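Have the sequence and the model open side by side. The walk below goes from helices to a pocket, then to rings, charges and loops.

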Amino acid sequence: MEIKEERIDDLEINGLKIIQNENWFCFGVDSVLLSSFAEDMHCGSSILDLGAGNGILELLISAKVENSQIVGIEVQEEVAQMARRSVELNNLENRIEIKTANIKDIGKIKEFDAVVTNPPYKEAGTGRQNEEAKKLIARHEILATLEDFIKTASNNLKDKGSMYMVNRPERLVDIFEYSRKYKLEPKELRMVYSKQYSKPVLVLVKATKHANRYLKVREPLYIYDENGNYSKEVLKIYGKDKENF
């Protein structure tokens, strides 16, 4: 029998809080970095989150993009309900809506200014398979593939609207291939490393619908400094300084 181990965490931005379940999954640095990477979304943007999970991107983006209207799609009803409770906890029902659906089945909701997505990183049948069911679905392409996420993103973007994605470096070729297949041109790439001289652990990609071909490769982002502490840039993203972190 599954025992819920819920807690409320302070996001330390605009007084926002999030409900998380330790048995399912808790948000990580990848979601925080993605919300910062999508920094060029303009005030009042309409935004779609594919694979909303516990609603972390919705909450962070609501604080970073003023007057934004955000729709999150989450396939697991219990997880979606938890995200809705976080929305209500923060009195953001007028700006954030969480829908329960498989992203590959939603078709076209409407044309959004932007899509954000932190999809499952691992292909079905790879990696650990003995994880708790909700973790397995969140981390592996069990119910939808990377191609499904990119196709749905394109279907729901306005012309010149952008998709922002975080994923693993080993999926980068697939991201580029599927993006171009569905008329999304990769425009920005940023590699994320644990520390200097290590292998990259994440990639951040921005792809724009019906854009011209030109890829900007941004400077590397290091999560930790030489002492094993969060780097200055990550501290800045979290809104903290070294003295108080």
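Which residues in α2 are buried? They are Ile 56, Leu 57, Glu 58, Leu 59, Leu 60, Ile 61, Ser 62 and Ala 63. Keep in mind that this is a predicted model. Eight of the nine residues of α2 are buried, and the helix is mostly covered. An α-helix has 3.6 residues a turn, so residues three or four places apart point the same way.

Now turn to α1. Eight of its nine residues are buried, so α1 is largely enclosed by the rest of the structure. The buried ones are Asp 30, Ser 31, Val 32, Leu 33, Leu 34, Ser 35, Ser 36 and Phe 37.

Rolling a probe the size of a water molecule over the atoms shows where empty space is left. The second largest pocket has a volume of about 280 Å³. Its lining takes in 17 residues. Leu 11, Glu 12, Ile 13, Leu 60 and Tyr 238 lie nearest the centre of this pocket. Which elements each supply at least two residues of the lining? They are β1 (6-10), α1 (29-37) and α2 (56-64). The largest share, three residues, comes from α2. By class, the lining has 10 nonpolar, two polar and five charged residues. Leu 60, one of the residues nearest the pocket centre, is also one of the buried residues of α2.

Asn 14 counts as exposed because its relative accessibility is 61%, and the cut-off for exposed is over 50%. Compare its place with that of Leu 59. In sequence, Asn 14 and Leu 59 are 45 residues apart; in space, their C-alpha atoms are 9.8 Å apart. Leu 59 is buried in α2.

Next, the rings. The structure holds four aromatic pairs. One is formed by Phe 37 and Tyr 164, and it is edge-to-face. The ring centres are 6.2 Å apart, with 80° between the planes. Phe 37 lies in helix α1 and Tyr 164 in strand β7 (residues 157-167), so the pair ties together parts that are 127 residues apart in sequence. Phe 37 and Tyr 164 are both buried. Elsewhere, ring pairs link Tyr 224, Tyr 230 and Tyr 238 into a cluster. Tyr 238 is also among the residues nearest the centre of the second largest pocket. One charge sits with a ring too: Lys 110 lies over the face of Phe 112, at 5.1 Å from the ring centre.

Charges also meet each other. Side chains of opposite charge can pair when their charged atoms come close. How many salt bridges does the structure hold? It holds 16. Start with Arg 190 and Glu 219, whose closest N and O atoms are 3.2 Å apart. This pair links distant parts of the chain, 29 residues apart. Arg 190 is in strand β8 (residues 184-193), and Glu 219 is in the loop between β10 (216-217) and β11 (221-222). Arg 190 is buried, with a relative accessible area of 4%. Glu 219, at 46%, is partly exposed.

Arg 171 and Asp 174 meet at 3.2 Å, N to O. Both of these residues are buried. Glu 111 and Lys 108 meet at 3.3 Å, N to O. Here Glu 111 is partly exposed, at 40% relative accessible area. Salt bridges can also join up: Arg 7, Asp 9 and Glu 22 are linked in a network.

Finish with the backbone. Most residues other than glycine have a negative phi, and most peptide bonds are trans. Asn 67 is not a glycine, yet it has a positive phi of about 60°. Its place is the loop between α2 and β4 (69-74). Asn 67 counts as exposed, at 52% relative accessibility. Lys 183 is not a glycine either, and its phi is positive, at about 65°. Lys 183 lies in the loop between α6 (172-181) and β8. Its relative accessibility is 52%, so Lys 183 counts as exposed.

Key
Residues numbered from 1 in each chain as written. Predicted model: local features only at pLDDT ≥ 70, side-chain atom pairs only at ≥ 80, totals over all residues. Heavy atoms only, no water. Salt bridge = Lys/Arg side-chain N within 4 Å of Asp/Glu carboxyl O. Buried < 20%, exposed > 50% of the residue type's maximum accessible area, 1.4 Å probe, protein only. Helix = DSSP H or I, 4+ residues; strand = E, 2+ residues; numbered from the N terminus. 1 Å grid on protein atoms, 1.4 Å probe; cavity = no way out; pocket = protein on both sides within 12 Å on 5 of 7 lines; lining within 4 Å. Points joined across faces, edges and corners; volume = space filled by probe spheres on them. Nonpolar A, V, L, I, M, F, W, Y, C, P; charged D, E, K, R; others polar. Phe/Tyr/Trp six-rings, centres within 6.5 Å; stacked < 30°, edge-to-face > 60°. Lys NZ or Arg CZ within 6 Å of the ring centre and 35° of its normal.
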